[in-house]
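Please open the structure in a viewer and keep the selection tool at hand. The stops below say what to select and what is found there.

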Protein chains: 4
Amino acid sequence: ENRARLLIRCPDQPGIVATVSQFLHEHGANIVTSDQYTLDPEGGQFFMRIEYECPDLLKKKSNMEKDFSLIADKFEMNYDFMYVHDIKNVAIFASKEPHCLLELLWEWESGDLMANIAVVISNHETVREMVESRGIPFYYIPANPEIRKQVEEEQKKILEQYDIDLVVLARYMQILTPDFVKEYKNRLINIHHSFLPAFIGAKPYERAFQRGVKMIGATSHYVTDDLDEGPIIEQDIGRVDHRDDVAAMKKIGQEIERSVLSRAVKWHLEDRIIVHGNKTIVF
Amino acid sequence: ENRARLLIRCPDQPGIVATVSQFLHEHGANIVTSDQYTLDPEGGQFFMRIEYECPDLLKKKSNMEKDFSLIADKFEMNYDFMYVHDIKNVAIFASKEPHCLLELLWEWESGDLMANIAVVISNHETVREMVESRGIPFYYIPANPEIRKQVEEEQKKILEQYDIDLVVLARYMQILTPDFVKEYKNRLINIHHSFLPAFIGAKPYERAFQRGVKMIGATSHYVTDDLDEGPIIEQDIGRVDHRDDVAAMKKIGQEIERSVLSRAVKWHLEDRIIVHGNKTIVF
Amino acid sequence: ENRARLLIRCPDQPGIVATVSQFLHEHGANIVTSDQYTLDPEGGQFFMRIEYECPDLLKKKSNMEKDFSLIADKFEMNYDFMYVHDIKNVAIFASKEPHCLLELLWEWESGDLMANIAVVISNHETVREMVESRGIPFYYIPANPEIRKQVEEEQKKILEQYDIDLVVLARYMQILTPDFVKEYKNRLINIHHSFLPAFIGAKPYERAFQRGVKMIGATSHYVTDDLDEGPIIEQDIGRVDHRDDVAAMKKIGQEIERSVLSRAVKWHLEDRIIVHGNKTIVF
Amino acid sequence: ENRARLLIRCPDQPGIVATVSQFLHEHGANIVTSDQYTLDPEGGQFFMRIEYECPDLLKKKSNMEKDFSLIADKFEMNYDFMYVHDIKNVAIFASKEPHCLLELLWEWESGDLMANIAVVISNHETVREMVESRGIPFYYIPANPEIRKQVEEEQKKILEQYDIDLVVLARYMQILTPDFVKEYKNRLINIHHSFLPAFIGAKPYERAFQRGVKMIGATSHYVTDDLDEGPIIEQDIGRVDHRDDVAAMKKIGQEIERSVLSRAVKWHLEDRIIVHGNKTIVF
């Protein structure tokens, strides 16, 4: 694959686009898509994502990165070159409810998830078979708040072993320690089963039912230390009415959860997301 | 018009539907639509809405009501006969932003709101012309938290004068006193510019922007003493992304607000809503 | 299970609801939900679906059916008693693309499809493993227009062997003969990958792309002799834009197809659908 | 206003983005948003829309246009400079149903339509008051197929008189001659009350009802000689069920029509649309 993506973040100033596109042109790269966003036309933060094709990319890339560092210095850029041939290693944390895990496995099997699902870790045995039957290693690590530290040590060892780039919490239902969260900053995606910031915390469907809402939702976000307060990547909703009890809401919600999480994971894998403060820019 | 609606609420027990439909049949009424809902198949609360046609309804109705009271006693029913020819008188409270008021006026002009918009009251002069040009009386009553009691006295006088059945807060933006709320219990509909229970209170779009949500919403509900906590009638949402600033969110939100409020008002006017605790049953 | 459903269709006239609900009450049945619809308030067709609970249903049901036949005669009713304990046997016809089949299997595994998936028949081997690994018999019957008659003979034999109540064409892609269609009238559900009546026939995504539509859709319908002209059960759509080529449309479409087909199948299994002429009434 | 947009269309080749962004940078312009699209990574058509801010634009613009023509020649570009301060003059053609016209007037009054609604022409008197009360000239020109040529002569005279840039058919319901269509090519927007290509031609709601669809839609498109076959700009849909007769569908459809048309008109006014063959690219 000769395809790559360049993600840029820097103070806005004249000439960025001209300089970057000139740079790519001079190195024989052809821009396929380009997106940009400025927080404030005058003097704010500038964000850019360029996807380009470049013949002989493998040979050229170290040289290009070196040359680009001069531009980056000049414009005070925070940047990343991402190469499509560097397939990301993904670990999925699951619990008892399999719908989100299954959706991801399904997308992966049908070739729509450009990633290597390297390992699945769960605090229950329920999903072992659906994971192993697909040839993916499965680890059962019982978890509860009291042994959190020790559980995470085991998990981290596995994540290192498989050289994991992204951890997806597919309805994992356990809170992670600040240490863990810090280590996987902006590489740890969770699905929360409510339309955040409504129903932060436990039992959102039960509370949605109590409140008598007419719509329920799901939110995928990067995990931070503050529960359910991380940068939101994607949300969606579904209609409910007075006939829907908690069980019906859960069922309707599962369809929303699985598609919201799957979209968020895809966008992350396609390097479409830039985190800025507590928000995401999704190009 | 020979059309009427019967709304019933009582403890669930065998024979309710049979008895009520027998009653209507014996009085020459033909059921047009019928909806029912039970909280719990065994021993919960039972809710029913029947819309029926009955030749010579005007002559018969007092007799029917008298006869029905025996059935109602037997089943411990809480019930209402609503007659389509009894057009409801509606008062709209507005403030500076006209979009919700305009939507209601528009629906009314095109014959889709079966009501008499009797009066519009506002704490600003901005909407006077669009109201008076349609032949609807307009009252300008300046309002602020300090003179709340006195303002509401004036408002109540007007509501009595026009024999108002339903008060619609079309982005009125002023908090009402418990006395006022009590007097118009289940007859006072508000539109809140967020997807409740997210962003209760002031400046929801500003807070949605701060939180970085990917969808914004609106909620219509009956007003209770607890701010934005009343029974929800209808909700809807719209997509936003990182490019949408607060002004863009407000604009997107206005379209949602006006259609959500207009649906809620229509359902109320068609006697489709039964309030049960802090929830609505919308048939 | 003591739960049953009564579906009624007859000329509208006074007293139907009263009589039917009286009948159920006298036989000790408690109405759980009831829906009705009249084509025309005066003298049109009347449709009704009642779901009821009845203790000792198994003992009572033959008697109830006999007693009801008198009422049915009087009102010239076309009716069906459906018992929830009579689980329907379903056959799924699939081809190469597995997404619709997989969705149904998934719903079934998670207990959300109240049916017995008795057999899967396909003209390709591709889906054999996902079927057999779930313990469902799989039959590979190669098919092409020239051997249609002979293929259908084999299929019919299998359908009889498994006592099939409903055949679902989960992207089967082969046209069936009028004989086959007749035999499974109103028990043969297809998913068409367009928003009918747009793009009837072959290659709808290719044609949607050519036309430059901004939304694509899917339609589930009962199969009739006229290609893609049968009674529509459910439809849904998804957004596309100029960046979406045919492959992207297919991918977006697959998500729509699988949820539209799954809803249609569920409604059929819950006896919610009454076919009237070339339309469906979905209660 | 120092804001402008540059729309480009040319054969794809390396260096376009670099050259154009370099050009803008050298002329002191700052890119605000930039979108691009290539039909085929190697050798297809390339499309680009750049919105930029440029101090002293008024003084510089003729020079910039002259300088750019050299670049345009080199890359064989088809291009347009559009200046935000050149407010477009819009004519609206209406008939009896006012909802689409009203929506546009409303958007315009609230400052969300960056255009000058210069004139409204109708073949009925119904909407005269709502137009004139807003200070917009109204012309009543009765129309029918037999006097089409003569009617269009009158209309064209008015369009010239007001120097019209865009004609919006807000449910005008009359077919225009090829001559008229040619003159306003890509500047003539229609709203069709169906989800095209379903229900091309007359009475789409009646036909949607006959077909028993579960969703109805609306389509805005540029008008071409082939009825309802022009490049689609935007579409949307709404749910209906068996209870919705033709009148109910029309009512639901009106809300869809007005928002679909209003979005299409806005995108045109913001120079977001490039027509390519029979499709639109909407940036």
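Predicted model: local features only at pLDDT ≥ 70, side-chain atom pairs only at ≥ 80, totals over all residues.

A:Gly111 follows helix 3 of chain A and has a positive phi, near 80°. Now extend the selection back to helix 3 itself, residues 99-109 of chain A. Colour the buried ones: A:His99, A:Cys100, A:Leu101, A:Leu102, A:Glu103, A:Leu104, A:Leu105, A:Trp106 and A:Glu107.

Next, go to chain C and select C:Glu107, which lies in helix 3 (residues 99-109) of that chain. Is C:Glu107 buried or exposed? Its relative accessibility is 1%, and the cut-off for buried is under 20%, so C:Glu107 counts as buried. Show what surrounds C:Glu107, leaving aside neighbours within four places in sequence. The contacts in chain C are C:Asp112, C:Leu113, C:Ser262 and C:Lys266, and A:Lys251 of chain A is also in contact with C:Glu107.

Move to chain D and select helix 1, residues 16-26. Which residues of this helix are buried? They are D:Ile16, D:Val17, D:Ala18, D:Val20, D:Ser21, D:Phe23 and D:Leu24. Step just past the end of helix 1 of chain D to D:Gly28, where phi is positive at about 75°.

Now display chains C and D together. The same surface serves both copies, since 100% of the contact residues of chain D recur in chain C.

Select the contact between chains C and D. Each of the two chains gives 34 residues to the contact. About 2900 Å² is buried between chain D and chain C, and 53% of that is on carbon and sulfur atoms. On the side of chain D, pick out D:Arg211, D:Lys214 and D:His242, which lose the most area to chain C and together make up 25% of what that side buries.

How many salt bridges cross the interface of chain D and chain C? The rule finds 6. For a close view, select D:Arg239 and C:Glu234, whose side chains form a salt bridge at 3.3 Å, N to O. Polar contacts across the interface of chain D and chain C come to 24 residue pairs. Then colour the elements of chain D that give two or more residues to the side touching chain C: strand 2 (30-38), helix 7 (204-211), strand 11 (232-239) and strand 13 (279-282). Strand 11 of chain D provides the largest share of that side, 7 residues. By type, the residues of chain D on this side are 15 nonpolar, 8 polar and 11 charged.

Finish with chains A and B. Chain B is superposed on chain A by a rotation of 180° with 0.0 Å of shift along its axis, at an RMSD of 0.0 Å. Select B:Ala198, which has the C-alpha nearest the axis in chain B, 2.2 Å from it. These copies meet through the same surface, because 100% of the interface residues of chain B are also interface residues in chain A.

Key:
Residues numbered from 1 in each chain as written. Chains lettered and ligands numbered in written order. Heavy atoms only, no water. Contact = heavy atoms within 4.5 Å. Buried < 20%, exposed > 50% of the residue type's maximum accessible area, 1.4 Å probe, protein only. Helix = DSSP H or I, 4+ residues; strand = E, 2+ residues; numbered from the N terminus. Buried area = accessible area lost by both parts, 1.4 Å probe. Salt bridge = Lys/Arg side-chain N within 4 Å of Asp/Glu carboxyl O. Polar contact = N/O pair within 3.5 Å; in protein donor to acceptor, adjacent residues only side chain to side chain. Nonpolar A, V, L, I, M, F, W, Y, C, P; charged D, E, K, R; others polar. Least-squares fit on C-alpha atoms with pLDDT ≥ 70 in both.
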